[in-house]
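Here are a few exercises to work through with the model open beside you. Try each task before reading its solution.

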Amino acid sequence: DYADNELSDRLSRIRGVANVEIIGGSEREVHVELDKFRMAEANITALQVSQALSQGVISIPAGRINQGETEYNVKFNAEFTSIKEIGDIQITGSGGKRVYLKDLGNIRMSNEERRQAAFYNGKEAIVIKLVKRSDANAVEVVRSVREAMDEIRLSLAGGMELNWFNDNGGSQPSAPNDSL
């Protein structure tokens, strides 16, 4: 979250930076794991659950609804403050019977499925890749990014490190832990 929300925003404002890419880490998301027996008992399908979420909810965090081998992606903007609020969504099955989402399975916060990973010195890490604008001077962009990193390092939370990995601007690392 910090890399995505704070560092990415701050680094993207540096003159000459065209794009900031985050590699590694995983977003938090809601997982809805439907119980096929409870759903059959309530006479409700996963499609009905998905429709109820999209129609009856202002917004919900990105995630998936799983029913056996079938998976439905659900992506909405979130305004919920707890899993309980999501579980209290009512779904109307055939025959008009209303059931709470929490009664149809398990709802939990988790991390999204990992599709890529990054490592630094053998430890899991997040890589922030900066791409310069085509008309920008590479050496100036590298200098500006290094200055911003020095400022950012002063305010990092405990347990976080910000290390320089590589650049194509022709500069040399300025400190021992600024490169691999």
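**Exercise 1: A pair within one helix**

Being three residues apart in helix α5, D150 and R153 are separated by about one helical turn. Please keep in mind that this is a predicted model.

Task: find out what D150 forms with R153, and how far apart the closest N and O atoms are.

Solution. 
- Step 1: Look at the closest N and O atoms of the two side chains, which are 2.9 Å apart.
- Step 2: Compare this with the cut-off, which for a salt bridge is a Lys or Arg side-chain nitrogen within 4 Å of a carboxyl oxygen of Asp or Glu. D150 and R153 do form a salt bridge.
- Step 3: Check the surroundings. D150 is partly exposed, at 45% relative accessibility, and R153 is partly exposed too, at 27%.

**Exercise 2: Other salt bridges**

Task: work out how many salt bridges the count comes to, and which residues are joined into one network by shared partners.

Solution. 
- Step 1: The count is seven salt bridges.
- Step 2: Take D88, whose salt bridge with K84 has its closest N and O atoms 2.9 Å apart. D88 counts as partly exposed because its relative accessibility is 28%, while K84 counts as exposed, with 58%.
- Step 3: Follow the shared partners: K84, D88 and K102 belong to one network of salt bridges.
- Step 4: Turn to R133, which forms a salt bridge with D135, with 3.0 Å between the closest N and O atoms. Here R133 is partly exposed at 38% relative accessible area, and D135 is exposed at 58%.

**Exercise 3: Backbone angles that stand out**

Task: decide whether the phi of N43 is positive or negative, then do likewise for N121.

Solution. 
- Step 1: Read the angle at N43. Its phi is positive, about 60°, although N43 is not a glycine.
- Step 2: Place N43 in the chain: it sits in the loop between α2 (36-42) and α3 (46-56). With 45% relative accessibility, N43 counts as partly exposed.
- Step 3: Now read N121, a residue other than glycine with a positive phi near 50°. N121 is found in the loop between β8 and β9, and at 59% relative accessibility it counts as exposed.

**Exercise 4: The largest pocket**

Task: describe the largest pocket. What is its volume, how many residues line it, and which element gives the most to the lining?

Solution. 
- Step 1: The volume of the largest pocket is about 1,300 Å³.
- Step 2: Its lining is made up of 35 residues, and those nearest the centre are I126, V127, I128, N163 and F165.
- Step 3: Elements giving two or more residues to this lining are α1 (2-12), β8 (118-120), β9 (123-125), β10 (127-132) and α5 (138-153). β10 gives the most, with six residues.
- Step 4: Sort the lining by class, and you get 23 nonpolar, six polar and six charged residues.

**Exercise 5: The whole chain**

Task: step back and ask how many helices and strands the chain has, and what share of its residues counts as buried.

Solution. 
- Step 1: The chain has five helices and 10 strands.
- Step 2: Of its 180 residues, 33% count as buried.
- Step 3: For contacts with a separation of 6 or more, 62% are between residues 24 or more positions apart.
- Step 4: Finish with the accessible surface, which is about 11,700 Å², with 46% belonging to carbon and sulfur atoms.

Notes. Residues are numbered from 1 along each chain as its sequence is written. This is a predicted model: local features need pLDDT of at least 70, side-chain atom pairs count only at pLDDT 80 or more; totals for chains, interfaces and linings use all residues. Side-chain values use heavy atoms; hydrogens and water are left out. On a 1 Å grid over the protein atoms alone, a cavity is a set of points where a 1.4 Å probe fits but cannot get out, and a pocket is an open set with protein on both sides within 12 Å along at least five of seven lines; lining residues have an atom within 4 Å of a point. Grid points are joined across faces, edges and corners, and a volume is the space filled by probe spheres set on the points. Helices (H or I, at least four residues) and strands (E, at least two) are DSSP runs, numbered from the N terminus. Ala, Val, Leu, Ile, Met, Phe, Trp, Tyr, Cys and Pro count as nonpolar, Asp, Glu, Lys and Arg as charged, and the others, Gly among them, as polar. Buried means under 20% relative accessible area, exposed over 50%, partly exposed in between (1.4 Å probe, protein chains only). Contact means heavy atoms within 4.5 Å. Accessible areas come from the Shrake-Rupley method with a 1.4 Å probe; for residues, only the protein chains shown count as cover.
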